Amino acid sequence: MPQGTLFIVSAPSGAGKTSLVRELIESLDGLKVSVSHTTRPRREGEVDGVNYHFVDRETFESMIERGEFFEYAQVFDNLYGTSRAAVEHLLDAGQDVILEIDWQGARQVRTLFPDAVSVFILPPSREELERRLAGRGTDQHAVIAARMREAISEMSHHHEYDYLVINDDFTTALRELQSLVIAQRLSQARAGEHLAPLLETLLSEEPGVE
């Protein structure tokens, strides 16, 4: 069975990455989002193994020492990481896997898995990004300004990615992401192995055929 493709998807907050990825996996079979490990306490309504794999800090640090993460990072007081074994199991089963991670995590993953296909999602303009970050309009100006600075810092790493998708029109952005996944599935390296029996038949020289 051909190995699945590992996709890295990154974006600044407010670019719409989560909604796009959710629709993407619902629209295409054989595509899953990797479930990260975290030391963050489980919130109401969250399910272990679905939203995150919730573990204590001692367990997480032991996994780091054993080299069990593709990438990991500390966000405020909590640790987040992507399990190598879980991702490789899905890829070996022919599943395509999406990692929703920031540029630092993406850099770590590419070092360990250089064949990963990386996509960066951009907003259509700074004005639109600021509007999205403002959300319900209840946050103070200083909070929104801090979010903008963080988003700009994240976007400055766009050149490290294979593909750029602008999320101006949601349907168009989703179609472009679908096209990227389908194109990878049609690549010679992957489709050639899957279609080997057909190709052998098509290229065979049977008696009586001129």
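Let me start with Ala73, which lies in strand E5 (residues 69-75), where strands (E, at least two residues) and helices (H or I, at least four) are DSSP runs numbered from the N terminus. This is a predicted model, in which local features need pLDDT of at least 70 and side-chain atom pairs count only at pLDDT 80 or more, while totals for chains, interfaces and linings use all residues. Residues are numbered from 1 along each chain as its sequence is written, and side-chain values use heavy atoms, with hydrogens and water left out.

Ala73 has a relative accessible area of 29%, so it counts as partly exposed; that term covers the range between buried, under 20%, and exposed, over 50%, with a 1.4 Å probe and protein chains only. Ala73 and Gly105 are 32 residues apart in sequence, yet their C-alpha atoms are 7.4 Å apart in space.

Now to the aromatic residues: the structure holds 6 aromatic pairs. In Phe69 and Tyr72 the ring centres are 6.2 Å apart and the planes stand at 50 degrees, so this pair is tilted. For the cut-offs, rings of Phe, Tyr and Trp (its six-membered ring) pair if their centres lie within 6.5 Å, and planes under 30 degrees apart count as stacked, over 60 as edge-to-face and the rest as tilted. Phe69 is buried, at 7% relative accessibility, whereas Tyr72 is partly exposed at 36%.

Which kind of pair do Phe120 and Tyr161 form? Their planes are 65 degrees apart and their centres 5.1 Å apart, and the pair is edge-to-face. Phe120 belongs to strand E8 (residues 117-122), and Tyr161 to the loop between helix H6 (141-155) and strand E9 (163-166), so the pair links distant parts of the chain, 41 residues apart. Both Phe120 and Tyr161 are buried. Elsewhere, Tyr52, Phe54 and Tyr80 form one aromatic cluster.

Strand E8 also contains Ile121, which is buried with a relative accessible area of 0%. Between the C-alpha atoms of Ile121 and Thr201, which are 80 residues apart along the chain, the separation is 42 Å.

Turning to polar contacts, I mean pairs of N or O atoms within 3.5 Å; within protein, one must be able to donate a hydrogen and the other to accept it, and residues adjacent in sequence count only if both atoms are side-chain atoms. Glu46, in the loop between strand E3 (37-38) and strand E4 (53-54), is buried at 18% relative accessible area, and its side chain makes such a contact with the side chain of Arg40, at 2.9 Å. Asn167 sits in the loop between E9 and helix H7 (170-185) and is likewise buried, at 5%. A polar atom of the Asn167 side chain lies 2.7 Å from the backbone oxygen of Ala15.
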